[in-house]
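Please keep the sequence and the model at hand while reading.

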Amino acid sequence: MATDLEARVRELENMVQDLRDREAIRDLRYRYHEYVNEGKFADIPSLFTADGELDFAHLGKATGRKEIAGFFGALNRTPAAGEKERPRITWVKQFIHNHTIKLKGDRGEGFAYLEAKPIYNGEAFLVAARYDDEYVRQDGEWKFKKMSLVPYFMVPLKEGWAQEDRLKMRTH
């Protein structure tokens, strides 16, 4: 009987650990969106591993916390005197849906659907996309190893997405 009880306790411990890991990863994704929605762009790199990767398709790529900080810093930074004006986001609210997670030990992968409402170059945009993520546990904490954005459409609100060119938000 004790062996059976020990096996059941181990099984329950494994199930609880799985649930804790999933909640920690959900919290990681939620913190990312909190930082975006509240304009805390400087805090975003801390959610990634030191060699973390960001792949935002046509919007750009970054590897490592320093490049990731530069990527997000450039999105809402006003150009310095004499610096060329570049496209930027002055306001954004993001909403995610259907966050799905698959775990395998200290690694995981997942995806979440994105609906976003940014002001880009002074114009209201509609955005729909999917985040594809790779997660890793380091020193007991879950981090993004890689975050990829797969855009469905990024169009001015006044135009909508009923057109062939659905990616009108560009950084260059």
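Glu-123 forms a salt bridge with Lys-158, with the closest N and O atoms 3.3 Å apart; a salt bridge here is a side-chain nitrogen of Lys or Arg within 4 Å of a carboxyl oxygen of Asp or Glu. Because Glu-123 lies in strand β5 and Lys-158 in the segment after β6 (141-156), this pair ties together parts that are 35 residues apart in sequence. Helices (H or I, at least four residues) and strands (E, at least two) are DSSP runs, numbered from the N terminus. Glu-123 is partly exposed at 25% relative accessibility, whereas Lys-158 is exposed, with a relative accessible area of 70%; buried means under 20% relative accessible area, exposed over 50%, and partly exposed in between, with a 1.4 Å probe and protein chains only.

The model is predicted, so that local features need pLDDT of at least 70 and side-chain atom pairs count only at pLDDT 80 or more, while totals for chains, interfaces and linings use all residues. Residues are numbered from 1 along each chain as its sequence is written, and side-chain values use heavy atoms, with hydrogens and water left out.

**Salt bridges**

A search of the whole structure finds 14 salt bridges, and the table gives three of them, including the pair already described.

| Pair | Closest N to O |
|---|---|
| Glu-34 and Lys-40 | 3.3 Å |
| Glu-123 and Lys-158 | 3.3 Å |

Since Arg-137 lies in strand β5 (residues 123-138) and Asp-21 in helix α1 (residues 2-37), the pair ties together parts that are 116 residues apart in sequence. Asp-21 counts as buried, at 7% relative accessibility. In the pair formed by Glu-34 and Lys-40, Glu-34 is partly exposed at 36% relative accessibility, and Lys-40 is partly exposed as well, with a relative accessible area of 34%.

Arg-29 lies in helix α1 and is buried, at 0% relative accessibility. Leaving aside neighbours within four places in sequence, Arg-29 is in contact with Ile-96, His-99, Ala-112, Tyr-131, Asp-133, Phe-144 and Met-147, where contact means heavy atoms within 4.5 Å. Arg-29 and Glu-134 are 105 residues apart in sequence, yet their C-alpha atoms are 11 Å apart in space.

In soluble globular proteins, nonpolar side chains tend to be buried together. The largest nonpolar core in this model has 34 residues, and those with the most contacts inside it are Tyr-32, Ile-44, Leu-54, Phe-56 and Phe-72; such a core is a set of buried Ala, Val, Leu, Ile, Met, Phe, Trp, Tyr and Cys residues joined through side-chain atoms within 4.5 Å. The elements giving two or more residues to this core are α1, β1 (48-55), α2 (65-76), β3 (89-104), β4 (107-120), β5 and β6. When residues up to four places away in sequence are not counted, Phe-72 touches Tyr-32, Phe-41, Ile-44, Leu-54 and Phe-56.

**Loop residues with positive phi**

Ala-57 has a positive phi of about 50 degrees although it is not a glycine; Ala-57 sits in the loop between β1 and β2 (61-63) and is partly exposed, at 33% relative accessibility. Asn-121, also not a glycine, has a positive phi of about 50 degrees; Asn-121 is found in the loop between β4 and β5 and is partly exposed, at 49% relative accessibility.

**The chain as a whole**

The secondary structure of the protein chain comes to two helices and six strands, which follow the pattern α-β-β-α-β-β-β-β along the sequence. Taken along the principal axes, the C-alpha atoms fill a box of roughly 75 × 35 × 25 Å. Of the 172 residues, 39% count as buried, and residues 24 or more positions apart account for 51% of the contacts with a separation of 6 or more.

The protein chain exposes about 10200 Å², of which carbon and sulfur atoms supply 52%; accessible areas come from the Shrake-Rupley method with a 1.4 Å probe, and for residues only the protein chains shown count as cover. There are 29 positive and 29 negative side chains, and the centres of the two sets lie 4 Å apart. In that count Lys and Arg are positive and Asp and Glu negative, with His and the chain ends not counted, and the place of a charge is taken as NZ of Lys, CZ of Arg, CG of Asp or CD of Glu.
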